[in-house]
Amino acid sequence: MPSYPQSGPLPADYPQSGLPPGYPQQVGPAGYPPPRRSNTALLLAAGGAALVLVIAAVVGVVLINRSEDVAPPYEAMSRAFPNLLPAEDGGTIYNGDKCVRVDPRGEKRSDFPDLDLGKWTGAWLCGGFTFRESGFVVFGYRNAKDVRSAVDGLGSKKEFTDVNDGVRYTSYELYACCYAGPKMATTFLDDPDRSSYLLYSAGTSSFDELKKWWRSAPLG
C-alpha cells in the first residue's frame with residue numbers, strides 16, 4: 001500500500017480564510033456597502049399599499065350600498081299601493097284613516113304589531129287596532145326571499161287564498177301572540193312589482209269580518 005505524506009502545519013503566511021495565497025480575500029460584513037433594496041421588494045410594497053386602498057374602496061362601496069338597501073322604501077310602497085296608502089306621512093286614506101311611516105331603526109311604537117315580522121326595512125301603519133275597526137300595516141322588505149322568511153316566522157297560521165277586485169291573493173290566518181282578535185298576513189309574491197311587500201291586518205271581532213274588510217280594501 002502506498003504511503004501518503006503526513007500533513008504538517010500550514011505556513012505562517014498562509015491565510016486563515018482557507019483561500020490560497022494571491023486569491024482575493026473576502027471582506028467581512030463591516031466592509032460591505034449598505035445592501036440595495038431589490039426592485040421586487042419595492043414592487044411588492046407598492047402592490048400591498050395599492051391592495052389596501054382597493055380593499056378600503058370596496059368596503060366603502062359595500063357599506064354605502066347596504067345603507068341604501070335598508071332605507072325605508074316609503075315612496076315605492078305608496079306607488080305600489082296607490083289606492084291603499086297615502087303619499088305623505090300622516091296622510092289620509094280611502095276610509096278616512098290616517099297612515100304614518102314607521103322606521104325599524106326608530107323607537108318601538110305601542111300601537112305597532114308585536115310580531116316577529118322578519119327583516120322589514122320600512123312600514124306604513126294605518127288605522128286602529130280595536131275590536132270595532134280594522135287596522136293594517138304594509139311592510140317593505142329587501143326582496144321576496146325576506147318576505148317568505150317573515151311568513152315562516154309568524155308561528156301558528158293557516159294558509160288560504162281569496163279574491164280582491166278580481167285578483168287572487170295568498171293570505172294567512174295568524175294564531176300566534178299579541179293582539180286579541182283575528183290577524184291576517186297577505187303576500188304578493190306573484191306580482192314582481194309588489195313581491196317584496198306584506199300586508200298585515202287585524203282588529204275586527206272575527207275572521208269573517210276581517211276578511212269582509214280585506215275584500216273591500218283597494219289592494220290593486
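I looked up the largest pocket, and its volume comes to about 150 Å³. I am working from a predicted model, where local features need pLDDT of at least 70, side-chain atom pairs count only at pLDDT 80 or more, and totals for chains, interfaces and linings use all residues. Residues are numbered from 1 along each chain as its sequence is written, and side-chain values use heavy atoms, with hydrogens and water left out.

A pocket here is an open set of points on a 1 Å grid over the protein atoms alone, where a 1.4 Å probe fits, with protein on both sides within 12 Å along at least five of seven lines; lining residues have an atom within 4 Å of a point.

I noted that the lining includes Val167, Tyr169, Asp190 and Arg194, and that strand E5 (residues 167-174) gives the largest share, four residues. Strands are DSSP runs of at least two residues, numbered from the N terminus.

Next I turned to the one disulfide (cysteine sulfur atoms within 2.5 Å), which joins Cys99 to Cys126 with S to S at 2.1 Å. The pair links distant parts of the chain, with Cys99 in strand E1 and Cys126 in strand E2, 27 residues apart. Both Cys99 and Cys126 are buried, meaning under 20% relative accessible area with a 1.4 Å probe, protein chains only.

Last, I checked Ser196, in the loop between strand E6 (183-187) and strand E7 (197-202). Ser196 counts as buried because its relative accessibility is 15%. Leaving aside neighbours within four places in sequence, I found Ser196 in contact (heavy atoms within 4.5 Å) with residues including Phe139, Tyr141 and Val147.

Terms used: Buried < 20%, exposed > 50% of the residue type's maximum accessible area, 1.4 Å probe, protein only. Points joined across faces, edges and corners; volume = space filled by probe spheres on them.
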